[in-house]
Amino acid sequence: MTQSTPAPVVSSTLHGNVLVLAIDHPPVNALSVDVRRGLLAAIEAAELDAAVAAVLIVGAGRNFIAGADIREFGKPPLPPLLPAVCNRIEACSKPVVAAIHGAALGGGLEIALAAHYRLAVAGAKLGLPEVQLGLLPGAGGTQRTPRLIGAAAALDLMLSGRHASAEEAATLGLVDRLGTSDDVLGEGLAYVRELLAAGSAARPTRAADALADEAASRAAIDAARKQTASRSRGLFSPLKIIEATEAALTLPFDEGLALERKFFLECLESPQRAGLVHAFFAEREVAKAPETRAATARPIASVGVIGGGTMGAGIAVAVLDAGLPVTMIERDDAALARGKAQVERVYDGLVAKGRISADAKAAALARFTGSTSYDALAQVDLVIEAVFEDMAVKKAVFTELERVCKPGAILATNTSYLDIDDIAATTSRPADVVGLHFFSPANVMKLLEVVVPARVSADVVATAFEFAKRLRKVPVRAGVCDGFIGNRLLAVYRTAADYLMEDGASPYQIDRAMREFGYPMGPYQVVDLAGGDIGWAARKRRAPTRDPRARYVQIADRLCERGWFGQKTGRGFYLYPEGARTGTPDPEVEAIIDEERQRAGITPRSFGDEEIVRRLMCAVINEAANVVREGIALRPLDVDVTLVHGYGFPRYRGGPMKYADMLGLAHVLADLRTFEQEDALFWKPSPLIVELVERGADFASLNGTDA
Ligand code: 3H9
């Protein structure tokens, strides 16, 4: 039997006297060990080959190079390392040109920066996104970028991780030439020939003067330090990016490179890197629900949205932004006018902030129509209901949808808690009914829980995922239960916080501890922002089915009874004098908490911030394990993505399940056993955690990925 040799990931083809090195390593030409080896060997061969006058590096497929191979992080590095490959390219005595199309990111851009000349065609995206993975550019990026474009622009790219367009890259000086067509090979070859004809020689970036404008560079470093202290609080790699950039200004190139390498390895070892890389892969993995493989999505060309409140309007904007027409239904003209005004307000805000142009707003609104008659939905492909959270109201809506919608239309509910199986049962087409749970503001928040009731057909679920992709959302598949994945976990998080509050911690201490942990806001700040009345209504709704043995903390109810619903009423857990958005602690709230403690016969005790975090996280991890065990979430990583994208869980910790794995599940179980002594009902360890600890396994083992 003959065995075919696999095509090389780096091919060398001589075009006249120009050697074209093409990287062909799908899906994104990441710089795996094979690519590094191939590039190094090819550049060395080019150096020795008298027939080669210059080298052109291009990427095959849709991208130049998307960066280092992220799957290799955390594994022992195999030589040649990327910095060595970049240095070898730069040291080539013949001109080396990079011709960029698609993504040139991270190590991919670093390869281009090590080349002597750069060309980019329209549509190219250039960036140093390592910071989003808890890293810094580790193959010369921190040293070469400031030399090419100055410290301020380099820091902006490295600290934001954003992608610059080809045009911006040319303006910055990151590339020398803009291609005029999308034929990257042709453009690249023409550019190389032009350089050769002009007698242009190899031009190592390391030779550039990093301190062309010392005062401006210093000012940029100082500004970056200040900005990072507030915007990237708790993050490790931004600080290292700034230090490495400073080294580019003050140290000889090779010393700067050595420092960059040291910092890179420190970042690589950090738990933040592990958390962020987990988040990167998990965000991509969630989109691959089984139904997306098993079924073909139905086409969606028009969407109906029922309800013009905050949620309905936000959903309408999200759909309009995806280029689809929206028909909004409201019960009367006044409500419809309010809904339309709400949509317009969102666009006005975007125009005012410079996020979109007035023309883009007009184009989006031209796709919007409203009606007070359900008949207007007769031809739409998908309807999303976002009316008041009440089963009778929802059922009435679905009865109407049943009447007016064409066969094959998908009927979606945006319910946050209600039983979608029950809603589906009111129609004769339960196979078309699905949950699309958006998060407010719906045009901003990335998370979309795709809630899968028992009788829905696979192609409807596949359509929901396809639709999420069009809306640029991160879809997570969830099963039906009270609160699905996210709100079910939010409920235990809040309950654990309430127990701590009644037992002695102040809401302000709890909020501070959770902010220190990495949440943008503590749980009580969130209540005040969302409106205490919302949770109050949910608690009242659940009261009849609440387990009578379960401990129930009434503090929040006492505040709601006084009409203290948070920011919108000027006070909640915090005081908001004169419409302030940042609250101040309220001594009256503390007095109410004291009264409630006395009423419940509790002698308050003090808690350290560390214990507060431990208890809240244990509660969430434990319930999350139940959510996975019951199949409500497909895998632990689905829980992680839900909390990171919908609930402010710090991305650099990966999500609660990744965090639990990093703590060690045995450690989590030991905590649960301790807390169980106080309240056996609330803290009962999930059988899944017990089983995993017995097997010496972790949550990651259930993800079915190696990432
Ligand atoms: C770095 O470079 C460090 C250096 O400075 C120093 C080193 C010493 N590696 O996103 P997509 C996979 S750090 C491995 O769905 P798109 C991805 O998982 C790196 N795999 O496509 C997915 O796999 P699957 C800095 C990667 O078209 C598939 O490719 N670079 C990598 O929407 C398609 O991805 C970055 O951070 C990778 N580097 O977007 C760039 N990248 O099919 C990260 C992607 O199994 N990548 N995959 O699910 C991106 O931003 C986007 O993938 C990109 C394409 C814009 C390129």
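Helix H1 lies across strands S1, S2 and S3 and runs at about 25° to S1. These strands belong to an open sheet of 6 strands, ordered S1-S2-S3-S4-S6-S9. The structure is a predicted model, with a mean pLDDT of 95 for the protein and 99% of its residues at 70 or more. The model scores are ipTM 0.99 and pTM 0.94. A second open sheet is formed by 8 strands.

**The sheet of 6 strands**

- The pairing in the sheet S1-S2-S3-S4-S6-S9 is mixed.
- Strand S1 (10–15) and strand S9 (177–178) stand at the edges; each has a single partner strand, so one side of each is left without a neighbour in the sheet.
- Within this sheet, strand S4 (residues 96–100) and strand S6 (residues 117–120) run parallel and are joined by 4 bridges.
- Val97 has Tyr117 of S6 as its bridge partner.

- Strand S12 (368–371) and strand S17 (474–479) are the edge strands, each pairing on one side only.
- From one strand to the next, the twist of this sheet averages 25°.
- Helix H14 (residues 333–352) packs on the sheet and touches S11 and S12; the direction of H14 makes about 160° with that of S12.
- Strand S10 (residues 303–306) and strand S11 (residues 326–329) run parallel, with 4 bridges between them.
- The bridge partner of Val303 in S11 is Val326.

**Domains listed in UniProt**

- An unreviewed UniProt entry places the feature "domain: 3-hydroxyacyl-CoA dehydrogenase NAD binding" at residues 303–478.
- In the model, residues 303–478 are 42% helix and 21% strand, and the end C-alpha atoms of this span are 22 Å apart.
- For "domain: 3-hydroxyacyl-CoA dehydrogenase C-terminal", UniProt (unreviewed entry) lists residues 483–576 and 612–696.
- Residues 483–576 are 59% helix and 2% strand, with end C-alpha atoms lying 30 Å apart.
- Residues 612–696 are 68% helix and 0% strand, and their end C-alpha atoms are 27 Å apart.

**Backbone features in loops**

- Most residues other than glycine have a negative phi, and most peptide bonds are trans.
- The peptide bond from Pro79 to Pro80 is cis, with omega near 0°; Pro80 is found in the loop between strand S3 (54–59) and helix H2 (82–91).
- A cis peptide bond also runs from Ser440 to Pro441, with omega near -5°; Pro441 lies in the loop between strand S15 (433–438) and strand S16 (447–452).
- Asn29, a residue other than glycine, has a positive phi, near 60°; Asn29 is placed in the loop between strand S2 (18–23) and helix H1 (33–48).

Key:
Residues numbered from 1 in each chain as written. Predicted model: local features only at pLDDT ≥ 70, side-chain atom pairs only at ≥ 80, totals over all residues. pLDDT = per-residue confidence, 0-100. Pairing = 2+ DSSP bridges. Axes fitted to C-alpha atoms, helices over the stretch in contact; angles between N-to-C directions. Contact = placed C-beta atoms within 7 Å. UniProt positions renumbered as here; feature names shortened; annotations may be inferred.
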